[in-house]
Amino acid sequence: MMQEIFIVDAFAERPYTGNPAAVCLLDQAREDRWMQAVAAEMNLSETAFLVARDTGAWELRWFTPKTEVDLCGHATLASAHVLWSEFGVGPETLRFHTRSGRLTAVRDNERIGLDFPADPPTPVSTPDGLIEALNAEPESVYRGREVLLVVLTHAAELCALEPDMGRLARLDARGVIVTAESDRSEYDFVSRFFAPRAGIPEDPVTGSAHCTLGLYWGERFGKSALQGFQTSARGGTVAVRLKGERVELWGRAVTTLKCMLYA
């Protein structure tokens with residue numbers, strides 16, 4: 001059985017930046033084992049699988065090379081991009097049914113906006129092993145639903161981090177967001193995201209992390225609209241708008257590869 005699959009750079013201003021995601025539009029649902037095997041074959045931080053439910057509505061699931069995840073921003077943005085740009089799907093609002101409830105995507109010229117659930121950060125004591133894993137002293141530490149949020153004092157310290165992935169993987173969290181106030185005027189904050197437990201040592205740009213980052217920096221700065229930059233090797237920009245219990249994430253996407261799976 002042949003199956004078309006796309007690779008899309010999400011939260012990217014140009015090709016080969018942002019976060020690449022694989023997107024697979026299926027005629028019908030496939031076995032979990034097959035989807036996990038495809039995700040491992042793609043070896044990207046996430047592979048998205050879509051099945052149509054009705055007009056403008058899609059079943060959407062995300063897999064890392066090692067496991068299925070509950071929420072993924074960049075692969076959702078990539079999925080919306082593929083539906084609009086590669087398949088000419090008509091509705092201006094796309095609805096996705098996911099393990100995190102209903103998500104939507106809208107477009108504004110070249111930008112795509114995602115409506116996601118907010119993930120408020122709660123202050124916590126510094127977990128055992130965190131300082132050794134990051135080789136950095138946090139200004140403060142918070143916990144979201146599945147992630148730790150670590151705040152550093154200086155952006156330069158964030159950029160210089162070389163975490164011990166083995167120690168990070170032993171922490172009780174799906175991933176660790178590290179952030180600092182931006183030292184560049186065009187951004188409010190910068191961040192990095194590490195998830196070795198999920199098979200992602202460092203994620204290039206993490207949309208879902210901004211559901212926590214946006215709330216933290218929005219409260220700190222007293223703003224409801226913020227601009228974040230994820231300062232990985234590829235780098236990517238995420239615009240955030242706070243909407244109470246929801247967060248809008250805005251970015252661009254570009255298709256870089258279209259190919260066929262033969263099994």
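The protein chain folds into 6 helices and 18 strands. Its radius of gyration is 18 Å, close to the 18 Å that the globule rule gives for 263 residues, so the chain is as compact as a globular protein of that length. The model is a predicted one.

Next, the overall dimensions. Along the principal axes, the C-alpha atoms fill a box of roughly 50 × 35 × 30 Å. The accessible surface of the chain comes to about 11600 Å². Carbon and sulfur atoms account for 46% of that surface.

Now the interior. Of the 263 residues in the chain, 57% are buried. The contacts can be read by sequence separation. Take those between residues at least 6 apart in sequence: 61% of them join residues at least 24 apart.

Charge comes next. The chain carries 27 positive side chains and 36 negative ones. The centres of these two sets lie 3 Å apart.

One residue brings the view down to local detail. Thr104 sits in strand S7, which covers residues 101-108. Is Thr104 buried or exposed? Its relative accessibility is 16%. Buried means under 20%, so Thr104 counts as buried.

What is Thr104 in contact with, leaving aside its neighbours within four places in sequence? Thr93, Leu94 and Arg95 are among its partners. Gly113, Leu114 and Asp115 are also in contact with Thr104.

Notes
Residues numbered from 1 in each chain as written. Predicted model: local features only at pLDDT ≥ 70, side-chain atom pairs only at ≥ 80, totals over all residues. Heavy atoms only, no water. Helix = DSSP H or I, 4+ residues; strand = E, 2+ residues; numbered from the N terminus. Rg over C-alpha atoms; globule rule 2.2 N^0.38 Å. Buried < 20%, exposed > 50% of the residue type's maximum accessible area, 1.4 Å probe, protein only. Contact = heavy atoms within 4.5 Å. Areas by Shrake-Rupley, 256 points an atom, 1.4 Å probe, with all protein chains shown as cover. Lys, Arg positive; Asp, Glu negative; His and termini not counted. Charge placed at Lys NZ, Arg CZ, Asp CG, Glu CD.
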